[in-house]
Amino acid sequence: MPRNPLEEASRALRQLGDRLRETAGPEGEWIAEQLERISTREEPRTDGDRSLGELQSELDGLVGLETVKEQMHALVAFLQVQSRRKEHGLREAATGQHLVFLGNPGTGKTTVARLLAEMYRAMGLLKRGHLVEVDRAGLVGEYVGTTAVKTDRAIRRALDGVLFIDEAYALARGESRDFGPEAVETLLKRMEDHRHRLVVIVAGYPRLMNRFLDSNPGLRSRFSREIDFPDYSTDELLAITAKFLAENEYRLGEGAAETLRRVLPKPERSEGFGNARFARTLFEQALNAQALRLARVEGAALADLDRDELMTLRSEDFIAAARAIGEVPRDPEARRSFWRRLAG
Ligand SMILES: Nc1ncnc2c1ncn2[C@@H]1O[C@H](COP(=O)(O)OP(=O)(O)O)[C@@H](O)[C@H]1O
Ligand SMILES: [Mg+2]
């Protein structure tokens, strides 16, 4: 995914601050605070004030994810009622608003979390509705005393928005001298302190997340809803790829859809297969392959290519893309049948 230069710069500033904290003593701490203030101001925010309706139709426009959509609608309904109750001075429900997203990589967790953050803003429940995404490295320090500081910082950046902790199970490593549990303690405390200004979503592989939620007695009860993101079927991956194509003004040439179907992994794939993320990488590689193919055109200058050629991804582009990703089985027999399938 393309990185925003501002995001890069603010990340670099924060890293610099971290280094200073760890190496330069009290003066370092002061400078680090200043750097952090600068970088936090630059935190990219969800701009545009999209209405709840617009956000809901974007959610509904996502391919598949039927149960996720249903649960999101239920959550939004619940939150709307809570917010109305609050206007009438009625007591808020005891259940917190923190969530668990269970699913393999590339199943749409971050995408849905980002929309949900904006929905919170649209409902007036969070002031900014931005999403701060961190993983273990963004919360856990390497030295004694740095973890609580780091976790606090991530939380401060996320205030009035959503803190999305990817692969959260990595916080429960449990080796001795591991500071993961310290991050969890700090997090649980701040979730309570800031319960009206922060929504925390923890995400990751279902199996590992369940172990994580059981690793600390306070954890599971703090997360009121668990939402399952199933793997995509081949048809859904095709539809997702079609969406990428349409968004970027590309189209499939003759036979390319069939090739794509053969290249996309079968449903019996493993945990690490990458789902929609795989579809995106394949699409991006196909763009490269198309560019190489077009740049090679004998005689015809690039300038002569017509609109149609510039838009079309051919079957061979997807084969080159699959090869570039190395999506070729390791076992020789499987590899032979893979190429046979590709050859159609
Ligand atoms: N249901 C979907 N419909 C359309 N695009 C999707 C869908 N799910 C995921 N994507 C796209 O696939 C990519 C990976 O999704 P992401 O939300 O980052 O997955 P995760 O956070 O679960 O790893 C993103 O580019 C996203 O836009
Ligand atoms: Mg993600």
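E167 is partly exposed, with 16 other C-beta atoms within 10 Å (with C-beta atoms placed from the backbone, a residue is buried if 20 or more others lie within 10 Å of its own, exposed if 12 or fewer, and partly exposed in between). The model is predicted, and local features need pLDDT of at least 70, side-chain atom pairs count only at pLDDT 80 or more, and totals for chains, interfaces and linings use all residues. Residues are numbered from 1 along each chain as its sequence is written, while chains are lettered from A and ligands numbered from 1 in the order in which they are written.

The protein contains 16 helices and seven strands (DSSP runs numbered from the N terminus: H or I of at least four residues for helices, E of at least two for strands). Of its 344 residues, 32% count as buried. Among contacts between residues at least 6 apart in sequence, 77% join residues at least 24 apart (contact: C-beta atoms, placed from the backbone, within 7 Å).

E167 is located in the loop between β3 (161–165) and α8. Its phi is positive, about 50 degrees, although E167 is not a glycine. A positive phi of about 60 degrees is found at E249, which is not a glycine either. E249 belongs to the loop between α11 and β6 (251–252), and E249 counts as exposed because 9 C-beta neighbours lie inside 10 Å.

H130 occupies the loop between α5 and β2 (131–134). With 21 other C-beta atoms within 10 Å, H130 is buried. The C-alpha atoms of H130 and A158 are separated by 7.4 Å, and the two residues are 28 residues apart along the chain. E70, in helix α4 (residues 66–87), is exposed, with 11 other C-beta atoms within 10 Å. From E70 to D60 the C-alpha to C-alpha distance is 9.5 Å, and the two are ten residues apart in sequence.

Two helix pairs were examined for packing. Helix α7 (residues 146–158) and helix α8 (residues 180–193) have axes that come within 9 Å and cross at roughly 40 degrees (axes are lines fitted to C-alpha atoms over the stretch in contact, with angles from 0 to 180 degrees between N-to-C directions). This angle makes α7 oblique to α8 (under 35 degrees is roughly parallel, over 145 roughly antiparallel, 65 to 115 roughly perpendicular, the rest oblique). The contact involves T147, A148, T151, D152 and I155 of α7, together with E182, A183, T186, L187 and R190 of α8. These residues comprise four nonpolar, three polar and three charged (nonpolar: Ala, Val, Leu, Ile, Met, Phe, Trp, Tyr, Cys and Pro; charged: Asp, Glu, Lys and Arg; polar: the others, Gly among them).

In the second pair, the axes of helix α12 (residues 256–263) and helix α15 (residues 315–325) come within 8 Å and cross at roughly 20 degrees. The angle makes α12 roughly parallel to α15. A256, T259, L260 and V263 of α12 meet S315, F318, I319 and A322 of α15. Six residues of this contact are nonpolar, two are polar and none is charged.

Ligand 1 is surrounded by 17 residues, and the closest are G108, K109, T110, T111 and A276 (C-beta atom, placed from the backbone, within 6 Å of the molecule). The elements giving two or more residues to this shell are α5 (109–122), α11 (234–247) and α13 (275–295). By class, six residues of the shell are nonpolar, seven polar and four charged.

Note on methods:
Contact = placed C-beta atoms within 7 Å.
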